[in-house]
Amino acid sequence: MLIRSVLFTACICLVFSAYADYAAGFAAYKRGDYKTALSELRAEAERGNTDAQTGLVMMYEDGKGTVPNPSEARKWYDVVLRKAEQGDVAAQTNLGNMLRQGRGPVRDPQLGASWYAKAAERGYAKAQMQLGVLYEVGLGVVKNPNEAMNWYRKAAEQGSAEGQYALSRGYESGRGLPKDDGEALKWLRKSVEQGFAPAQYSLGGRYASGKGVPKSDNEYLNLVRKAAEQDYVTAQLSLAKKYETGNLVEKNGKAALSWYRKAAARDNVQAIDRLIRAYRNGELGEQVNTALEKEWQDRLIVVQRGILDKRMKGDPF
C-alpha cells in the first residue's frame, strides 16, 4: 500500500531529522544499534531538539536501547506537549504524530489531526503532508480526497518530496484531482530528483511498462535499485524476487537471499515467510537451518501480532 510507505517515510523524518550531528543516531537506529541511538537521541534532546525528544518517547516506550520506562517516555512526551502549546510547529506536528500512533498516554487521531492543522495552517510542510494523509484515509477527520490533495499541493509547492509524490498519485489516479498523466509525471520527476524512494520505485514502474516514458529495463532496474538501497521495502522485495527467478537479472540465490533479509528486517511478512521456507528446505544457496527457521518463525508471530493490534485499534497504517 503506497500511502502506508509515504506515511512511514514521513513519520521517520519527524523522529530522525537531517541535522548533521544527528546522523549518527539515525544510522545507529537503522542498523539496530539501539543503545547508541538512545545515547545520541538523549544528547540531542537535552539540547532541545524536538525530533530527538519525540524519538525518546518511542524508544523508552518500546524499550529499545534500554528497559521499557513509561515515566521517562511520559516526561519527554510532556516536553513536546509544552512546546506545542507554546506554538512550536515542529512540536505540534510531532505531537499530532504521537496522538495518531498512540505514543504517550493516549491514542486520539482526531486530536492529532487538530495539532497537524495548527502547524499546517502556519505553512509547515511536514504538517501539511501529514494532514493530507489523514484526509486521504479518513483517520481523525472525514475522508475527503479533494482536501487531501489541497494539503499535498501546499507541501509540494514548498519542495516536499513526499507532497510531490502524493500529488503525482492524485493526478495519476484521478482521486481528488482531474486525471492528468502529464502532471502526474511532472510531479513524480520532481520527487525523484530529491531522491524520494517511493517515487523512484514508481517511476521505475513507468519505465518497465513504457507509461509516459520510453520503455527501458535498464532504467527500471536502476530506479528500483536506488529505492531498495534506501530501505524501501517494496523495492527490496521486488529485487529479491527478480534475483530468485532470473527476471531481467542473472539468477542469483545469494543476492535474492540478501534482499529478502533486508526486507524481512523491515518486518515485511512476505520476505520473512520466504526466509522461513529457505531455511527449512535449504534454498537460495543456504543449507537447512532449523535454528534460523525458528528465529524467523518467532519474528513472524511478533510482526503478525503487531499488524492485528493496529487493525483492532482502527489504524489503517
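This is a predicted model: local features need pLDDT of at least 70, side-chain atom pairs count only at pLDDT 80 or more; totals for chains, interfaces and linings use all residues.

User: Ok, how many residues are in the largest nonpolar core?

Analyst: The largest nonpolar core has 42 residues, and those with the most contacts inside it are Leu 203, Tyr 260, Ile 272, Leu 275 and Trp 296. A nonpolar core here is a set of buried Ala, Val, Leu, Ile, Met, Phe, Trp, Tyr and Cys residues joined through side-chain atoms within 4.5 Å. Buried means under 20% relative accessible area, exposed means over 50%, and partly exposed is in between, using a 1.4 Å probe and protein chains only.

User: Which helix gives the largest share of this core?

Analyst: That is helix 15, which supplies seven residues. Helices (H or I, at least four residues) and strands (E, at least two) are DSSP runs, numbered from the N terminus.

User: And what does Trp 296 touch?

Analyst: Not counting residues up to four places away in sequence, Trp 296 touches Ala 264, Ala 265, Ile 272, Leu 275, Ile 276 and Tyr 279, where a contact means heavy atoms within 4.5 Å. There is also a second, separate core of 23 residues, which includes Leu 38, Leu 56, Met 58 and Leu 95.

User: Switching topic: which residues of helix 7 are buried?

Analyst: They are Pro 109, Gly 112, Ala 113, Trp 115, Tyr 116, Ala 117, Ala 119 and Ala 120, and what covers them includes helix 5 (70-85), helix 6 (89-101), helix 8 (125-137) and helix 9 (145-157). Helix 7 itself (residues 109-120) has twelve residues and reaches 16 Å from its first C-alpha to its last, close to the 16 Å expected at 1.5 Å a residue; the expected span is 1.5 Å times one less than the number of residues.

User: What lies over the face of Trp 115?

Analyst: Lys 118 does, at 5.4 Å from the ring centre. In a second case, the charged end of Lys 190 sits over the ring of Trp 187, 5.6 Å from its centre. The rule is that NZ of Lys or CZ of Arg must be within 6 Å of the ring centre and within 35 degrees of the ring normal.

User: How many salt bridges does the structure hold?

Analyst: It holds 19 salt bridges, each being a side-chain nitrogen of Lys or Arg within 4 Å of a carboxyl oxygen of Asp or Glu. One of them joins Glu 183 and Lys 186, at 3.3 Å from N to O, and these residues are three apart in helix 11 (residues 181-193), which separates them by about one helical turn. Glu 183 is partly exposed at 22% relative accessibility, and Lys 186 is partly exposed too, at 36%.

User: Where do Arg 299 and Asp 267 lie?

Analyst: Arg 299 forms a salt bridge with Asp 267, the closest N and O atoms being 2.9 Å apart. Arg 299 lies in helix 17 and Asp 267 in the loop between helix 15 and helix 16, so the pair ties together parts that are 32 residues apart in sequence. Arg 299 is partly exposed at 31%, and Asp 267 is partly exposed at 36%. Elsewhere, salt bridges that share partners join Arg 42, Glu 46, Glu 72 and Lys 75 into one network.

User: Last one: is Leu 284 buried or exposed?

Analyst: Leu 284 counts as buried, at 11% relative accessibility, and it is found in the loop between helix 16 and helix 17. Its phi is positive, about 55 degrees, although Leu 284 is not a glycine. Leu 248, in the loop between helix 14 and helix 15, has a positive phi as well, near 75 degrees, but Leu 248 is partly exposed, with a relative accessible area of 40%. For background, most residues other than glycine have a negative phi.

Methods: Residues are numbered from 1 along each chain as its sequence is written. Side-chain values use heavy atoms; hydrogens and water are left out.
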